[in-house]
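Subject: Structure handover

Hi,

Here is the structure I promised to pass on. Have a look at it first, and my notes follow below.

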Amino acid sequence: MKLQNDFYEIQSERKTENGGVYELKLNAEHFVYKAHFPSQPITPGVCVLQMAVELFSTCLQKEIRLVKVNNLKFTSILSPVETPFVTYAFQKITEENGLLKAQILVEQNSVVYAKISITCTVA
């Protein structure tokens, strides 16, 4: 299930030497937040990861498929009410033997929400 343009929207993007930086706006009215959790919505970890994969695909301008989550560390709760905007910064993108790897920092205003390291292939 694609989350872009429904669960979140890209507000800005800029290419960097190592990949790209994407500022997103989370949709606090999305049905996922109504269940997770109704009075205090938080972004599910699986959605944080799916957004990373979708943005990696956007960054590479290729359809990709997640092969492995090398590392995933959640460091703060991401609420679409308290933090409607969040940044995904690709710090390191590499390609080796047909595998695409990325290290991603999910943050806003010096608060780190997640550190992600994934491996993908071209779909």
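One term before anything else: buried means under 20% relative accessible area, exposed means over 50%, and partly exposed is in between, with a 1.4 Å probe and protein chains only. By that rule Phe90 is buried, at a relative accessible area of 2%.

Some housekeeping. This is a predicted model, so to speak of local features we need pLDDT of at least 70, and side-chain atom pairs count only at pLDDT 80 or more, while totals for chains, interfaces and linings use all residues. Residues are numbered from 1 along each chain as its sequence is written, and side-chain values use heavy atoms, with hydrogens and water left out.

Now the sheet. Helices (H or I, at least four residues) and strands (E, at least two) are DSSP runs, numbered from the N terminus, and two strands pair if DSSP finds at least two bridges between them. Six strands make an open sheet in the order E1-E2-E4-E5-E6-E3, with antiparallel pairing. Strands E1 (8-16) and E3 (64-74) are at the edges with a single partner strand each, so one side of each has no neighbour in the sheet. From one strand to the next, the twist averages 20 degrees.

Going through some of the pairings:

- E1 and E2 are antiparallel over eight bridges, and a hairpin of two residues connects them. Arg14 has Val21 in E2 as its bridge partner.
- E2 and E4 are antiparallel too, over five bridges, with Leu24 bridged to Val86 in E4.
- E5 (residues 99-108) and E6 (residues 111-122) run antiparallel and share nine bridges; Ile104 has Ile116 in E6 as its partner.

Strand E2 is largely enclosed by the rest of the structure, because six of its eight residues are buried.

Helix H2 (residues 45-60) lies across E1, E2 (19-26), E3, E4 (85-96), E5 and E6, at about 60 degrees to E4. Axes here are lines fitted to C-alpha atoms (for helices, over the stretch in contact), and angles run from 0 to 180 degrees between N-to-C directions. Contact means heavy atoms within 4.5 Å.

What ties the helix and strands together through rings? There are three aromatic pairs in the structure. Rings of Phe, Tyr and Trp (its six-membered ring) pair if their centres lie within 6.5 Å; planes under 30 degrees apart are stacked, over 60 edge-to-face, and the rest tilted. Tyr22 and Phe90 are edge-to-face, 6.0 Å centre to centre with 85 degrees between the planes. Tyr22 is in E2 and Phe90 in E4, so this pair ties together parts 68 residues apart in sequence. Phe56 and Phe90 have centres 5.8 Å apart and planes at 25 degrees, so they are stacked; Phe56 is in H2 and Phe90 in E4, 34 residues apart. Together Tyr22, Phe56 and Phe90 form one aromatic cluster. Tyr22 is buried at 0%, and Phe56 is buried as well.

Last, Gln108 in strand E5. It counts as buried, at 15% relative accessibility. Beyond neighbours within four places in sequence, Gln108 is in contact with Glu23, Thr83, Phe85, Val86, Thr87 and Tyr113.

Cheers
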